[in-house]
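Let's take a walk through a protein fold together. Have a look at the picture, then read on.

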Amino acid sequence: MKKIIYFLFLLTINQSIFAQIEKEDKVLQKKLQETLSGFNGVVGVYVKNLKTNKFAAINADTIFPTASMVKVPIMVGTFDKILKGQLKYDQEIVYKDSLDYDDGIVGSLKDGAKLPLNEVMMLMCTVSDNTGSLWLQALAGGGIRINAIMDSLGLKNTRVNSRTPGREANRTEFGWGQTTPREMANLITMLRQRKVFTADASDRMYRNLGRQFWDGEGLSQLPENVKVGTKNGAVNRSRSEVVYVHAPHGEYVYCVITKKQKDESWTRSNEGFELLRKVGALLWNYYEPQSKFKPVDGYEKW
């Protein structure tokens with residue numbers, strides 16, 4: 001009897017381990033390769049279906065610029081300070097002209113203006129306010145501290161470069177931050193699964209990623225009633241998007257990042273923006289083949 005119980009115990013463990021093993025989705029892999037074919041630049045993609053544990057990956061472990069996706073690690077760093085009692089989520093903070101980086105919402109405030117930290121967080125996550133983001137980066141203890149947190153989460157390539165001692169060469173190559181498609185997708189998945197710090201902190205951070213103002217690319221290829229957690233980024237030669245989709249038949253996460261783009265334009269027809277829309281549409285139709293959704297005629301005007 002003991003042998004039978006022991007055998008069943010081992011079988012249960014092995015089944016649990018097997019269930020966690022990722023499997024390559026070869027059909028999706030081929031479809032992605034076809035979609036990315038001919039792109040004038042370097043593209044990285046990582047996609048995972050959280051229900052089936054199947055994935056597809058193209059340059060998924062190659063380092064790319066984060067652009068504004070770096071604001072997810074900045075948010076995580078800020079929450080670490082909050083959990084340690086060194087900041088409060090709703091505390092009043094005072095804006096100074098010395099913080100001004102650009103003409104965004106926070107950068108347009110008057111010297112001495114007061115506002116809650118959580119409103120600055122909202123502006124960083126929702127409209128991607130740069131001055132507010134750099135303000136929070138400083139309040140979080142700077143890039144060195146945020147990078148140490150990323151390392152503790154197993155994200156060895158996700159780093160803040162800007163205003164971070166010792167990372168000047170990385171900043172020259174990648175800009176404000178750097179990551180891989182797999183790591184950025186994994187980070188947002190950890191938030192969704194409430195595995196970053198505490199369950200309640202993860203939940204709050206994930207909710208912050210559910211109010212995206214810039215929804216004209218990959219998000220435009222999803223039905224308007226489908227919940228997502230997302231952050232995007234763009235600089236001249238790189239366009240990116242990480243999206244966690246609460247699809248009806250199983251949640252999935254994906255991250256697309258480009259670099260060394262030939263097309264540096266800032267119009268909707270930019271090759272990188274078009275690619276984000278193509279990948280977003282491909283994945284929705286692949287995972288929800290019965291869906292009849294198509295973007296409404298004229299949506300591109302907005």
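How many of the eight residues of strand 10 (residues 238–245) are buried? Eight of the eight are, so strand 10 is largely enclosed by the rest of the structure. Keep in mind that this is a predicted model. Ser 238, Ser 240, Val 242 and Tyr 244 point one way from the strand, while Arg 239, Glu 241, Val 243 and Val 245 point the other way.

Now zoom out a bit.

| Strand pair | Bridges | Residues opposite each other |
|---|---|---|
| Strand 9 and strand 10 | eight bridges | Lys 231 and Val 242 |
| Strand 10 and strand 11 | six bridges | Val 243 and Tyr 254 |

The turns are worth a peek too. Two residues make the hairpin link from strand 9 to strand 10. The hairpin of strand 10 and strand 11 has six residues between the strands, and Gly 250 there takes a positive phi near 140°.

What about helices? Elsewhere, the axes of helix 3 (residues 71–83) and helix 6 (residues 143–152) come within 9 Å and cross at roughly 95°. Angles from 65 to 115 degrees count as roughly perpendicular, and therefore helix 3 and helix 6 are roughly perpendicular to each other. The residues of their contact divide into six nonpolar, one polar and three charged.

Notes. Residues are numbered from 1 along each chain as its sequence is written. This is a predicted model: local features need pLDDT of at least 70, side-chain atom pairs count only at pLDDT 80 or more; totals for chains, interfaces and linings use all residues. Side-chain values use heavy atoms; hydrogens and water are left out. Axes are lines fitted to C-alpha atoms, for helices over the stretch in contact, and angles run from 0 to 180 degrees between N-to-C directions. Helices (H or I, at least four residues) and strands (E, at least two) are DSSP runs, numbered from the N terminus. Angles under 35 degrees count as roughly parallel, over 145 as roughly antiparallel, 65 to 115 as roughly perpendicular and the rest as oblique. Ala, Val, Leu, Ile, Met, Phe, Trp, Tyr, Cys and Pro count as nonpolar, Asp, Glu, Lys and Arg as charged, and the others, Gly among them, as polar. Buried means under 20% relative accessible area, exposed over 50%, partly exposed in between (1.4 Å probe, protein chains only). Two strands pair if DSSP finds at least two bridges between them.
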